[in-house]
Amino acid sequence: MAQPSSRTVIIAGAGIGGLSAALALARSGFRALVLEQAERLEETGAGIQLSPNATRILIGLGLADRLAPHVVAPTAVRVIGGRSGREIVRIPLGAEATQRYGAPYWVVHRGDLQAALADAAAQDLNVVLRLGMSMEDFATHPHGVTVSARGAAGLWTEHGHALIAADGLWSAARARIASKALPRFAGRTAWRALVPVAQVAPEIREPLVHLWLGRDAHMVHYPVKGGKLINVVVITADDWSGPGWSEAASRIDLLQRVSSRHWAPQAHSIFRAPDAWLKWALYETEPVPRFAQGAAALLGDAAHAMLPFLAQGAAMAIEDAAIAAQCLARMPDDPAVAWESYSAIRRGRTRKVQRLAARNGKRYHRTGAAAMLRNTAMRLLGGERLLQNYDWLYDWRPPAGLSIP
C-alpha cells in the first residue's frame, strides 16, 4: 500500500545512490519520490567494482536475481607491471572473499546496475520515479521540506517529509547544505572503452580484475555484461578538465600518453583494441563539515566525491543509502535528527575512504625506484595479506542498533 504524503521522502537524482536510497526507504515504510533531470535513464558510464560491503546491501534489497545475468564474480585481482608485463601479485577474491566477508565481490557495467535498481523501483508501489525533472530549489521547515523542480510542463512544487540530494559531483544542493567549495580537478583523465571478448587474447577474458601499474598511469580491465564484453579504463596524468562523463576521445590521443617505451606489448595490444574511447576528467570534493541540514541530506558523490583508486565510489553511495533509510526509520517523526545521526555515522568512514583513495592514486603512478620498492613490497606481503588490509572496508556492517533493510 502506498504511503501518505507525510511519509514521502523526495530524492533528487536517480543514479545508483538515489535509487538504492529509494528502495531502502520503501522497505523501511516510506514513500520515495525520485526526481531525475534526464528524460530517460540511459546506459552510460564505465564498469564498476562492487566489493562485499556494497553487494551485501544490494542482495539485502532483493537484487541478486536481477543482477545475476549481468555481474561477473572475479576470482582475483591480478596486479601487473606496466613495463615488464609480468605479474607482481595476485589478490584472491571469488569464493575466498565470499567466505571471508559473507558477500561476493562483483564487477558490473554501471548501466546494468542502474537498470536493475530502476526495474526494482518500478515494481515497488512506494517508489515513484519522475524523469525530466530537475530540482531547482528547496526549503526546509519544521514540517519537512518543500522542493521546487522544473520539467517540460514548467515549475513543479512538492512537500515532503525529508529530502535526499543524490545529485552527483556537481550537486546544486551541496552549497546550501554543507559547503560552497567547488569540486577540485585531480590532474588526471580516465579513458574508458568496451571491447567484445572475441577481440582480445584469451588471458584477458578470464574472470579477473587486471590492474596494470605504469609510468604516471595505470590500467584496469575486467569482464562485464555477464562476460560478453571487457571493460577497459586507463587513467593518465592530464591537464584536460572538461565536465561530463562521456567526452569522445581518439585512440591516437591515448597512445600519446602511454608510450611503448614504458608499457609492455601486451598492454599496448589492449590500448589498441577498442575502436573508440570515451574520457572523463577526475574530480574530488574536500571533506565537508556535515552531510545534512534540517530535513535535507546529501548522499553519494554530492556528499563525498572521491577518486576511483579504491573502487569505492558506488559502494559508499550504497552504504549511505542503507544508513540513511535506517536512521530515518529509527526517528521517523524527526528527519532533522535522523539526518544528523546519518551524517555522524557516515562522515568519518567516507572521509577515510576519500583519503586512502587519493593515496592509492599516488602509489599506482609511482616511477623509478619508488615503483620498484612498491612492487617489491607487494610481492613480499603476498595476496592474502594484501586482502587482509581491506578487511575494515569490505567487512563493513551497519553500526550496532542499525540493520540493513
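Predicted model: local features only at pLDDT ≥ 70, side-chain atom pairs only at ≥ 80, totals over all residues.
View 1. Strands of a sheet pair through backbone hydrogen bonds, in either a parallel or an antiparallel manner. For E8 and strand E9 (residues 144–151), the antiparallel pairing extends over 7 bridges, and Ser134 can be located opposite Arg150 in E9.

**View 2. Strand E2 and its parallel partner E1.** Strand E2 (residues 31–36) is largely enclosed by the rest of the structure, because 6 of its 6 residues are buried. The burial applies to both faces of the strand, with Arg31, Leu33 and Leu35 on one side and Ala32, Val34 and Glu36 on the other. Strand E1 (residues 8–12) runs parallel to E2 and is joined to E2 by 5 bridges; within this pairing, Ile10 has Leu33 of E2 as its bridge partner.

View 3. Gln114 belongs to helix H5, which spans residues 110–122. Is this residue buried or exposed? With a relative accessibility of 14%, Gln114 falls under the 20% limit and therefore counts as buried. The side chain of Gln114 reaches the backbone oxygen of Ala14 at a distance of 2.8 Å.

View 4. Helix H2 (residues 52–60) is largely enclosed by the rest of the structure, since 7 of its 9 residues are buried. Those buried residues are Pro52, Asn53, Ala54, Thr55, Arg56, Ile57 and Leu58. Just after H2, the backbone at Gly62 adopts a positive phi of about 85°.

**View 5. Packing of helices H1 and H11.** Two packed helices are described by the angle between their axes together with the distance between the axes. For helix H1 (residues 16–27) and helix H11 (residues 313–330), the angle is about 30° and the axes lie 8 Å apart, which means that H1 is roughly parallel to H11, given that angles under 35 degrees are classed in this way. The crossing of the two helices, H1 and H11, is right-handed.

**View 6. Two loop residues with positive phi.** Most residues other than glycine have a negative phi. Asp216, although not a glycine, has a positive phi of about 55°, and this residue lies in the loop between strand E13 (208–214) and strand E14 (217–224). The relative accessible area of Asp216 is 40%, so the residue is partly exposed. Ala311, likewise a residue other than glycine, has a positive phi near 55°; Ala311 is placed in the loop between helix H10 (301–304) and H11.

Key. Residues numbered from 1 in each chain as written. Heavy atoms only, no water. Pairing = 2+ DSSP bridges. Helix = DSSP H or I, 4+ residues; strand = E, 2+ residues; numbered from the N terminus. Buried < 20%, exposed > 50% of the residue type's maximum accessible area, 1.4 Å probe, protein only. Polar contact = N/O pair within 3.5 Å; in protein donor to acceptor, adjacent residues only side chain to side chain. Axes fitted to C-alpha atoms, helices over the stretch in contact; angles between N-to-C directions. Parallel < 35°, antiparallel > 145°, perpendicular 65-115°, else oblique. Left-handed = near helix turned anticlockwise from the far one by under 90°.
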